Amino acid sequence: MRELLTKLEQATALDRVGDRLQRAVQGTLRSQRVRDLLHGVWLGHPLHPAMVQVPVGAWISAAVVDLLPGQRRAATALVGVGTASALPAAVAGLNDWASLARDQRRVGLVHAAANVVGLSLYAGSLVARLNGRHGMGRALAYLGLSAASGGAYLGGHLAYKQGAQVSQSISELHLISDGWHPVGDLSSLPQRQLITREIDDVSVILYRHGDDVTVMLERCPHQSGPLGEGEVQEIDGHACVVCPWHGSAFRLNGGEVVHGPSGNDQVILPTRIVEGRLEARLP
């Protein structure tokens, strides 16, 4: 499987379809508010993984209920719930997929294709059950579960091996040692400008507003973009840093994500001033 997945990551032949689909998704989901909703910005956590729990749970439950006598209505209801809830989950997934790197999109494309096959089989199962063909409905449902399980495996590869929609900055937090670390003299920090410093070889950005100074990890949670090269913009009355790579925006006074594609907040380090010197530590 490792060799197969590596080949899939490198399958440039998928780019022709993937690039066209990416343009179609971005052209359809043009509203920033809609994209942020689907990314899970309001939740502070990617929305797609949470949404897929409903169809997966319903379909697995239907597979168990189908083994019990006299449970046709219950199984039909579970298949219906799973099929209906899979559609919004798929839309959220496509929205996330369109902002991924190309090797991630290749695996994601096959992940989506497997889930489309599974959804189609479950839709056929629902129609068969509603028409009284419960034997056919059960067979199609088990085939659909097999396809969806294959898609879920690829989704796990995307998240855990390729890091899709996983915070890319959190690993650097673990490289910072315990205790307070000097970052610089407060008097040397300009007002309302981004400054880049290092703590234990981990890059952080500093932003001073009056006597308050934000110390934030510099790597963007989405795709490791350099926030230190980003712009400071006022969004909804808050100063925010905007990633120069994909446009994710984070509040400088708290790290909350305000615009995707990142669905994760950015890490802010606690600070203190000791004899005019700024210090920061792990949260």
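This is a predicted model: local features need pLDDT of at least 70, side-chain atom pairs count only at pLDDT 80 or more; totals for chains, interfaces and linings use all residues.
Okay, hi everyone. Let's start with the whole chain. There are 283 residues, and buried residues make up 45% of them. The secondary structure comes to 9 helices and 11 strands. If you follow the C-alpha trace along its principal axes, the chain spans about 80 × 40 × 35 Å. Its accessible surface is about 14500 Å², and carbon and sulfur atoms account for 56% of that.

Now, who touches whom? Take the contacts with a separation of 6 or more: 58% of them join residues 24 or more positions apart. And a word on charges. The chain has 25 positive and 25 negative ones, and their mean positions are 15 Å apart.

Have a look at the open sheet of 4 strands, where the order is 2-3-4-9 and the pairing is antiparallel. Which strands stand at the edges? Those are strand 2, residues 194-199, and strand 9, residues 268-269; each has a single partner strand, so one side of each is left without a neighbour in the sheet. Strand 9 pairs with strand 4, residues 212-217, in the antiparallel sense over 2 bridges. If you want to find that spot on screen, look for valine 215, which stands opposite leucine 269 in strand 9.

Leucine 269 comes up again when we turn to the nonpolar cores. In soluble globular proteins, nonpolar side chains tend to be buried together. Here, the largest nonpolar core has 18 residues, and Leu206 and Leu269 are the ones with the most contacts inside it. Strand 2, strand 3 (202-209), strand 4 and strand 11 (277-280) each supply at least two residues of this core. There's another core apart from it, with 14 residues, including Leu8, Leu38, Trp97 and Ala164.

What does leucine 206 touch, not counting residues up to four places away in sequence? Among the residues on that list are Val183, Leu189, Ile195, Val213, Val215 and Leu278. The list also has Gln193, Arg197 and Thr214 on it.

Let's pick Ile195 from that list. Isoleucine 195 is found in strand 2. Is it buried or exposed? Isoleucine 195 has a relative accessible area of 18%, and buried means under 20%, so isoleucine 195 is buried. Leaving aside neighbours within four places in sequence, isoleucine 195 is in contact with Pro190, Val204, Ile205 and Leu206. Isoleucine 205 is 10 residues away from isoleucine 195 in sequence, yet the two are 5.5 Å apart in space, C-alpha to C-alpha.

Glutamate 9 lies in helix 1, residues 2-9. Glutamate 9 counts as buried too, at 10% relative accessibility. Setting aside neighbours within four places in sequence, what is glutamate 9 in contact with? The contacts are Asp103, Arg106, Val107, His157, Lys161 and Gln162.

Last stop, a hairpin. Strand 5, residues 231-235, and strand 6, residues 238-242, pair in the antiparallel sense over 5 bridges. Within that pairing, glutamate 234 stands opposite alanine 239 in strand 6. The hairpin has 2 residues between the strands, and aspartate 236 in the turn has a positive phi of about 55°.

Terms used:
Residues are numbered from 1 along each chain as its sequence is written. Side-chain values use heavy atoms; hydrogens and water are left out. Two strands pair if DSSP finds at least two bridges between them. Buried means under 20% relative accessible area, exposed over 50%, partly exposed in between (1.4 Å probe, protein chains only). Contact means heavy atoms within 4.5 Å. Accessible areas come from the Shrake-Rupley method with a 1.4 Å probe; for residues, only the protein chains shown count as cover. Lys and Arg count as positive and Asp and Glu as negative; His and the chain ends are not counted. The place of a charge is taken as NZ of Lys, CZ of Arg, CG of Asp or CD of Glu. A nonpolar core is a set of buried Ala, Val, Leu, Ile, Met, Phe, Trp, Tyr and Cys residues joined through side-chain atoms within 4.5 Å.
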